[in-house]
Amino acid sequence: KAELAFTQLHNYKPEPVNGTAQFVSTAEGTALAYGSLVLMALLPIFFGALRSVGCCKSKNSSDMPETITSRDAARFPIIASCTLFGLYLFFKIFSEEYINLLLSVYFFVLGILALSHTMSPFMNRIFPTSLPNKQYQLLFTQGSGENKEEIVNYEFDTKDLVCLGISSVVGVWYLLKKHWIANNVFGLAFALNGVELLHLNNVSTGCILLGGLFVYDVFWVFGTNVMVTVAKSFEAPIKLVFPRDLLERGLEASNFAMLGLGDIVIPGIFIALLLRFDVSLKKNTQTYFCTSFLAYIFGLGLTMFVMHTFKHAQPALLYLVPACIGFPVIMALVKGELTEMFSYESSEEILPHTPRLTRFPTVSGSPASLANSMQPLPSSPRRRRHVPTSM
């Protein structure tokens, strides 16, 4: 994960531009932007966590999650740092225009697939029973006889085609206009897929991952200008944005506050793990999920407050990691369930053929690139649908 920092584009001072002055955002516009970012961050965490419980129980191999082990978590910040610095060098050496053109096409495809998978449960509910739901298969093989090898085996149905059609409309809108609403639609789909399909195997792994990225985030934001430079140069739906001048300029607003998807997905998969732990206790309560969810709100709110006060980009994980880990651990200590929490293995809730994370993504900040760069072990069964959720 080469995660983007939680950052903002500062207020512009009035300067003549073609005879007009640039806009200075108001307090109301800023409050609306920050409130909207908080709401958009909470939606994929909440619904992704709920869907993560369902995909553990699913018998459909296409909905099975990717498991992150402690070894994966320990290597994550190193891979992320290399990826982030590589992107920084690319933007310094090559033309930003051409790099973003290639990334736009790449995320156009990933966005369509991620949004289609996000819409799939809703389409299953609203699809008219009177319409036939035909089954299709796209199969590419290599070789012949005993040496024949499947390259692509993609099974889908009419409902999938409808989802792909709707998602394609959003994708074309994003590709042509780069509108901030289309960006957020894809970003939310990436984030929800990431929280749903990326599973930590236990709480200790979550602490290793969040702790490592805590150091990573602080270093690259406070120690260098690399994180902020990449965040502002990278034109791809790997961050949620909301205009602070929306009240004055409407949908054509351009003075954005932004939140990197990594600041949603990384805490989100830890919160989803705690929800599965709540379910495993079989007490019909969601104590640890609610505690960590409220801790995330507190940490994100604190990030915004500090950022707005000091007018400087802030590493959100600096505030989110202590909150999301500390609050649930304190709750477990109070309830006397700390041992149960750290001995819980999420992999026990998953079917035996669940794939594990075997390599890391090469694209920063987006949950969609993460699962797309993960491949199941050779013994994994045939998947019904290809689901992108990477980072």
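**Exercise 1.** Which residues have the most contacts inside the largest nonpolar core?

*Solution.* Start with the ground rules: this is a predicted model, where local features need pLDDT of at least 70, side-chain atom pairs count only at pLDDT 80 or more, and totals for chains, interfaces and linings use all residues. Residues are numbered from 1 along each chain as its sequence is written, and side-chain values use heavy atoms, leaving out hydrogens and water.

Next, the term: a nonpolar core is a set of buried Ala, Val, Leu, Ile, Met, Phe, Trp, Tyr and Cys residues joined through side-chain atoms within 4.5 Å. Buried means under 20% relative accessible area, exposed over 50%, and partly exposed in between (1.4 Å probe, protein chains only).

Now read it off: the largest core has 92 residues, and Leu37, Leu209, Phe234, Ile264, Tyr296 and Leu300 have the most contacts inside it. Helix 9 (residues 262-281) gives the most to this core, eleven residues. Helices here are DSSP runs (H or I, at least four residues), numbered from the N terminus.

**Exercise 2.** Work out where the buried residues of helix 6 sit around its axis.

*Solution.* First list them: Val203, Thr205, Gly206, Leu209, Leu210, Leu213, Tyr216, Asp217, Trp220 and Val221. They cover an arc of only 150° around the axis, so they lie on the same side of helix 6. That arc is taken from the directions from the helix axis to the C-beta atoms. On the other side, Val215 and Gly223 are exposed.

**Exercise 3.** Count the disulfides.

*Solution.* Look for pairs of cysteine sulfur atoms within 2.5 Å. The count comes to zero.

How values were computed. Helix = DSSP H or I, 4+ residues; strand = E, 2+ residues; numbered from the N terminus.
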